[in-house]
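Subject: Structure for your review

Dear colleague,

Please find below the structure I am handing over to you.

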Amino acid sequence: MLLRSTLMLPLFSLCMLSACDRLGLADPAKDAAAKEADARATGSACRHAGRGVEDCYSQNPDSARAAVFAGWKEMNDYMRENKIEEVKPDANAAAAKAAAAEEASSAAAKASEEASASEKSKSSKKSAKH
């Protein structure tokens with residue numbers, strides 16, 4: 001009986017420790033692999049959009065340069081082999097969306113200012129009557 005309980009405690013501890021990834025503890029190896037995969041995807045997207053690798057570095061300074069270059073090169077080779085053309089991003093559409101959003105926010109701010117000014121004038125007229 002003593003032998004059985006002596007063996008059960010380490011076995012139970014080992015089983016409990018095998019599920020450490022479910023505790024939400026950070027795994028440096030998984031984090032590094034995810035960052036490298038993101039950098040490679042960034043490089044691939046830059047190449048597909050027709051951007052140079054230097055532009056990709058400058059637009060994504062937090063990404064690992066080696067991984068960005070590897071992704072860029074892989075996509076370059078893939079595009080050459082399959083005769084795929086670059087997909088130029090539509091900068092005009094992005095600029096138009098940004099301008100529309102800015103215009104809407106400035107219109108909302110102006111309406112808010114007018115409403116507060118109207119409220120102030122109403123309160124000043126009431127105080128002047130009394």
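Predicted model: local features only at pLDDT ≥ 70, side-chain atom pairs only at ≥ 80, totals over all residues.

Overall organisation

The protein chain contains five helices and zero strands, so that its elements, read from the N terminus on, run α-α-α-α-α. Of the 130 residues in the protein chain, 12% are buried. Among contacts between residues at least 6 apart in sequence, 64% join residues at least 24 apart.

Helix H2

Helix H2 comprises 21 residues, 28-48. At 1.5 Å a residue, H2 should span 30 Å, and this agrees with its end C-alpha atoms, which are 30 Å apart. The buried residues in H2 are Ala39, Gly43, Ser44, Cys46 and Arg47. They cover an arc of only 160° around the axis, which means that they lie on the same side of H2. The exposed residues Lys30 and Asp38 are carried by the face of H2 turned away from that buried side. The cover over the buried residues of H2 includes helix H3 (53-59) and helix H4 (65-81). After H2 comes Gly50, with a positive phi near 85°.

The nonpolar core

Which residues form the largest nonpolar core? This core has eight residues, namely Ala39, Cys46, Val53, Cys56, Tyr57, Ala67, Val68 and Trp72. At least two residues of this core come from each of H2, H3 and H4.

The disulfide

A search of the whole structure finds one disulfide. It is formed by Cys46 and Cys56, with their sulfur atoms 2.3 Å apart. Because Cys46 lies in helix H2 and Cys56 in helix H3, the pair ties together parts that are ten residues apart in sequence. The torsion about the S-S bond of Cys46 and Cys56 is about 80°, and the disulfide is therefore right-handed.

Are the two cysteines buried or exposed? Cys46 has a relative accessibility of 4% and so counts as buried, and Cys56 is buried with a relative accessible area of 0%. Leaving aside neighbours within four places in sequence, Cys46 is in contact with Arg51, Cys56, Asn60 and Trp72.

With kind regards

How values were computed:
Residues numbered from 1 in each chain as written. Heavy atoms only, no water. Helix = DSSP H or I, 4+ residues; strand = E, 2+ residues; numbered from the N terminus. Expected span 1.5 Å × (residues − 1). Buried < 20%, exposed > 50% of the residue type's maximum accessible area, 1.4 Å probe, protein only. Arc of directions from axis to C-beta. Contact = heavy atoms within 4.5 Å. Core = buried A, V, L, I, M, F, W, Y, C linked by side-chain atoms within 4.5 Å. Disulfide = S-S within 2.5 Å.
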